[in-house]
Amino acid sequence: MCGIVGYIGQKNASQVLINALKKLEYRGYDSAGIAIIEDGDILVRKCKGALKFLQKKIADETIKGSIGIGHTRWATHGEPSDTNSHPHTNMDNTISIVHNGIIENYAALKAKLQESGIVFKSQTDTEVIVHLIDCNYKKYKDIFKAILDTIKVLEGSFALGVICKDYPDRIICARKESPLVVGLGKNENFIASDVPALLEHTREVYYLDEKEIAVLYEDHVSLYNFEGEKIVKKPTHVDMDMDAAEKCGYPHFMIKEIFEQPKGLLNTMRPRIIKDGKGNPTDVYFEESDKDIVWSKAKRLVITACGTAYHAGVVAKYAFEKLARMQVDVDVASEFRYRDPILDKDDIFIVISQSGETADTLSALRLAKKSGLKVIAITNCVGSTVSREADDVIYTLAGPEIAVASTKAYTTQVLCLLLLAIKAGKERGLLSQETVTDLLSELETVPSKLQSILDKQDVIQKFASKHFNKEKIFYIGRQFDSATSLESALKLKEVSYMHSEAFSAGELKHGPIALIDTKTLVVAIASEPGLYDKIGSNMIEVRSRGATVLVISPDDSGAFDGKADEIFIIPECSPVFASLLTVVPAQLLAYYFAIQLGYDPDKPRNLAKSVTVE
């Protein structure tokens with residue numbers, strides 16, 4: 001969602017803010033702006049469009065202030081425009097704010113403010129906040145008290161950065177259900193929505209927890225709760241590699257992150273596999289969850305997530321049912337929180353979120369905890385809200401994922417879930433020690449097999465160059481491959497804006513086959529030999545109706561000869577683990593379709609990396 005940055009120190013604030021906002025472009029945005037305190041006044045510069053337009057707008061100006069806030073906006077209330085861009089100010093331009101989140105009661109608050117004579121410039125919910133702060137400031141003559149009183153009446157989610165011309169020595173920020181990080185420097189301090197914006201300047205940060213406030217001065221930071229009481233917390237040292245937040249010679253973050261998957265899988269796998277003295281893998285150990293979760297007593301596994309993370313959960317359903325014979329329910333988090341779900345104290349509850357800040361997933365987590373369940377979180381972001389609120393957290397160790405469309409986060413999520421399924425199967429007495437060793441030994445070969453797929457990326461690139469003009473793309477598969485099809489279709493939608501859908505192959509004749517014609521591409525994912533004949537028949541059905549067929553499969557025996565226009569061979573792999581491989585050609589296909597169509601795959605329109613509001 002929106003990106004927030006703030007700086008107070010001795011450097012040129014506008015330069016620091018612009019550079020920090022560049023590091024947050026991956027979050028998705030439609031406008032950008034900054035507010036600087038300069039010579040006793042607040043200078044605001046903002047505009048619709050990419051950050052480069054803001055840079056062009058201020059290129060001929062000399063902005064000298066050393067305290068300011070910045071923002072990249074992803075529109076919710078009010079269309080993208082110069083006026084609706086952040087920062088927003090009060091009527092006399094003495095207070096300025098940036099905001100990430102949604103104020104649910106803004107309409108009622110706005111009506112009361114308008115009755116009192118306040119004139120609004122924008123259509124945003126954010127402008128309500130700055131006018132409320134202004135009213136309270138006139139009442140208290142104290143900016144901290146004014147903000148404290150304001151946030152108590154706001155319903156919804158917010159991360160706020162506030163500056164006031166009467167207090168040129170401080171930035172005040174607050175968070176409720178939206179992420180905010182405070183960076184600690186020497187004679188300078190920072191705020192940001194995410195760590196990459198801070199790495200250039202510091203590795204010491206405070207992750208603000210729910211309902212916390214920070215007041216940043218040049219030489220120190222004070223922390224408070226929403227009651228105005230001072231609190232003390234230890235800074236966190238960030239070990240993130242700076243190079244990981246840069247493209248390192250790749251044309252886009254998306255392709256860089258696709259190629260980082262072998263490393264991400266190895267990093268995620270190695271700490272979790274126990275080996276005997278001979279180097280043979282014998283068991284799975286999650287330091288984060290082993291102390292709390294007793295798989296042998298669990299009656300049911302409930303998984304909730306959104307988007308790509310939800311698709312990882314669908315893969316997990318097949319894995320847990322096959323390896324551990326567990327009942328598994330997989331829910332879209334946005335639906336789960338509203339349908340009064342039936343939960344049992346013996347259920348195991350897993351939430352999955354790349355960012356650890358997904359609003360619907362957080363709400364599902366809180367509902368599960370309120371119902372008395374232990375919650376395991378799978379996330380890629382240390383210090384995220386999900387990681388702090390869950391009972392146990394499993395980090396995917398994929399490294400920072402900058403592109404909006406998730407790739408390496410997905411495969412490492414699937415890997416963690418597969419490891420958990422093996423562990424559950426062993427503890428429930430369904431997998432012998434020999435079987436566990438065999439499964440883990442094969443799993444250890446997956447990173448190198450994945451690399452061999454990446455080494456053949458030119459095959460997918462060439463295919464994309466021939467078929468990027470297709471009007472409809474359908475992904476079909478069975479069992480695990482059906483789950484992979486969901487993620488493959490989503491990836492293509494996200495970055496190429498092409499119409500794509502995923503179907504269980506057996507469902508084609510129940511409606512979707514009516515859509516097949518010569519303008520259709522069907523991608524068949526086939527990793528299970530026992531189902532080759534079945535899905536082969538589906539290929540014949542769609543091809544006879546004019547569709548072009550690409551099959552992704554480990555089979556090189558000729559099972560699909562004459563049934564597909566192109567066969568992309570992946571390394572042989574157990575169907576249980578094949579989702580880690582079959583999705584990679586689909587990721588590459590989505591990327592190269594986007595390139596052929598002239599789109600930026602890192603920043604797809606209307607999308608954000610972390611959906612921190614409903």
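Biologist: What is the relative accessible area of E177?
Modeller: With a 1.4 Å probe and protein chains only, under 20% relative accessible area is buried, over 50% is exposed, and in between is partly exposed. E177 is partly exposed because its relative accessible area is 31%.

Biologist: What kind of model is this?
Modeller: Residues are numbered from 1 along each chain as its sequence is written, and side-chain values use heavy atoms, with hydrogens and water left out. Local features need pLDDT of at least 70 and side-chain atom pairs count only at pLDDT 80 or more, while totals for chains, interfaces and linings use all residues, since this is a predicted model.

Biologist: Where does E177 lie, and what is its phi?
Modeller: E177 sits in the loop between strand 8 (167–176) and strand 9 (181–184). Strands (E, at least two residues) and helices (H or I, at least four) are DSSP runs numbered from the N terminus. Most residues other than glycine have a negative phi. E177 is not a glycine, yet its phi is positive, at about 65°.

Biologist: Which phi does Q479 have?
Modeller: Q479 belongs to the loop between strand 23 (472–477) and helix 16 (480–496). Q479 counts as partly exposed because its relative accessibility is 40%. Although Q479 is not a glycine, its phi is positive, at about 55°.

Biologist: Which residues does a cis peptide bond join?
Modeller: Most peptide bonds are trans. The bond in question has an omega of about 0°. P87 is placed in the loop between strand 4 (67–73) and strand 5 (88–89), and the cis bond joins H86 and P87.

Biologist: Is N100 buried or exposed?
Modeller: N100 lies in strand 6 (residues 95–103). N100 and I4 are 96 residues apart in sequence but 7.1 Å apart in space, C-alpha to C-alpha. The relative accessible area of N100 is 0%, so N100 is buried.

Biologist: Which residues does S579 touch, not counting residues up to four places away in sequence?
Modeller: S579 is part of helix 18 (residues 579–596). S579 counts as buried because its relative accessibility is 2%. Contact means heavy atoms within 4.5 Å, and beyond four places in sequence S579 touches V315, F480 and T484.

Biologist: How are helix 8 and helix 12 oriented to each other?
Modeller: Axes are lines fitted to C-alpha atoms, for helices over the stretch in contact, and angles run from 0 to 180 degrees between N-to-C directions. The axes of helix 8 (residues 307–323) and helix 12 (residues 408–427) come within 9 Å and cross at roughly 20°. Angles under 35 degrees count as roughly parallel, over 145 as roughly antiparallel, 65 to 115 as roughly perpendicular, and the rest as oblique. Helix 8 and helix 12 are therefore roughly parallel.

Biologist: How are helix 4 and helix 5 oriented?
Modeller: The axes of helix 4 (residues 126–140) and helix 5 (residues 143–151) come within 8 Å, crossing at roughly 130°. That angle makes helix 4, relative to helix 5, oblique.

Biologist: What arc do the buried residues of helix 7 cover?
Modeller: In helix 7 (residues 261–269), the buried residues are Q261, P262, G264, L265, T268 and M269. The arc is taken over the directions from the helix axis to the C-beta atoms. They lie on the same side of helix 7 because they cover an arc of only 165°.
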